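Have the model open while you read.

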Amino acid sequence: MKKIGLIFDLDGVIVDTAIYHYKAWKTIADELGFDFSLLQNEQLKGVSRMESLDRLLGFGGIKNLTDEEKLKLAERKNKLYVSFISKLTPEAVLPGVDQFMNSLAFENVGVALGSASKNAMTILKQIEYIDVFNAVIDGTKVKRSKPDPEVFLKAAAELDIDAENCIVFEDAEAGIKAAKLAGMKAIGVGDEQILKEANLIIPGFENFDFETCKRQFNL
Ligand code: BG6
Ligand code: MG
């Protein structure tokens, strides 16, 4: 078997933080006086903080804010988000993820994080996952937001594995698109409707190990 790159998104794939991003943006929307639904939130998943703010303001029909005002809103959202994640412990790792990572021992794989979040390192420390990855590409290392493939291409380069030999795990529509644009295989983790462009969709990592993954992709 050729060496395979496994690239994991963080929020909503490894750890249940996607809901905290939603709660923080919802507070901002409430304060600005408009509704923000879970369905609308799907369009913010995988997207950088400032791009998420632009999309949120679009939902609320709010135009003409200055860059300074936008920066203040993004900072406020991040403060709320950071206060939520400050309480994270290893228990927040999603079901089956620890077992999947353990199933990689002795396999010919490189393991990377490919996340849009600038808070990724904080989260990895809190859930005690720093040592799990051979490479970490997060929001501090990329210029372009998913669906741009930059984050995954950088992860593959750091693993020194060709894109065609990489598999991405993603819970966001934008992330699946980014993986495809990078020339990688994409496993959607979550809702079948939202992730329909993925090569394979799993509800979560429970009952999914690397043997199953190899069978699915004839590795
Ligand atoms: C992604 C989330 O992982 O990170 C997005 O799916 C979020 O919802 C993005 O906007 C940026 O996160 P942060 O922590 O840098 O604001
Ligand atoms: Mg995600």
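## Ground rules

This is a predicted model, so local features need pLDDT of at least 70 and side-chain atom pairs count only at pLDDT 80 or more, while totals for chains, interfaces and linings use all residues. Residues are numbered from 1 along each chain as its sequence is written, chains are lettered from A and ligands numbered from 1 in the order in which they are written, and side-chain values use heavy atoms, leaving out hydrogens and water.

Side chains of opposite charge can pair when their charged atoms come close. The structure holds 13 salt bridges (a side-chain nitrogen of Lys or Arg within 4 Å of a carboxyl oxygen of Asp or Glu). One of them joins Arg55 to Glu51, with the closest N and O atoms 3.0 Å apart. Both residues sit in helix α3 (residues 49–59), 4 residues apart, or about one turn of the helix. Helices here are DSSP runs of H or I with at least four residues, strands are E runs of at least two, and both are numbered from the N terminus.

Arg55 is partly exposed at 29% relative accessibility, and Glu51 is partly exposed at 31%. For the cut-offs, buried means under 20% relative accessible area, exposed means over 50%, and partly exposed is in between (1.4 Å probe, protein chains only).

Asp54 pairs with Lys70, again at 3.0 Å from N to O. Asp54 belongs to helix α3 and Lys70 to helix α4 (residues 67–85), so this pair ties together parts that are 16 residues apart in sequence. Asp54 is partly exposed, at 35%.

## A pair in helix α9

Lys214 and Glu211 meet in a salt bridge at 3.3 Å, N to O. They are 3 residues apart in helix α9 (residues 210–216), about one helical turn. Lys214 counts as buried at 15%, whereas Glu211 is partly exposed at 41%.

Asp9 and Asp171 are both buried. Asp9 also turns up in a network of salt bridges that links Asp9, Lys146 and Glu170.
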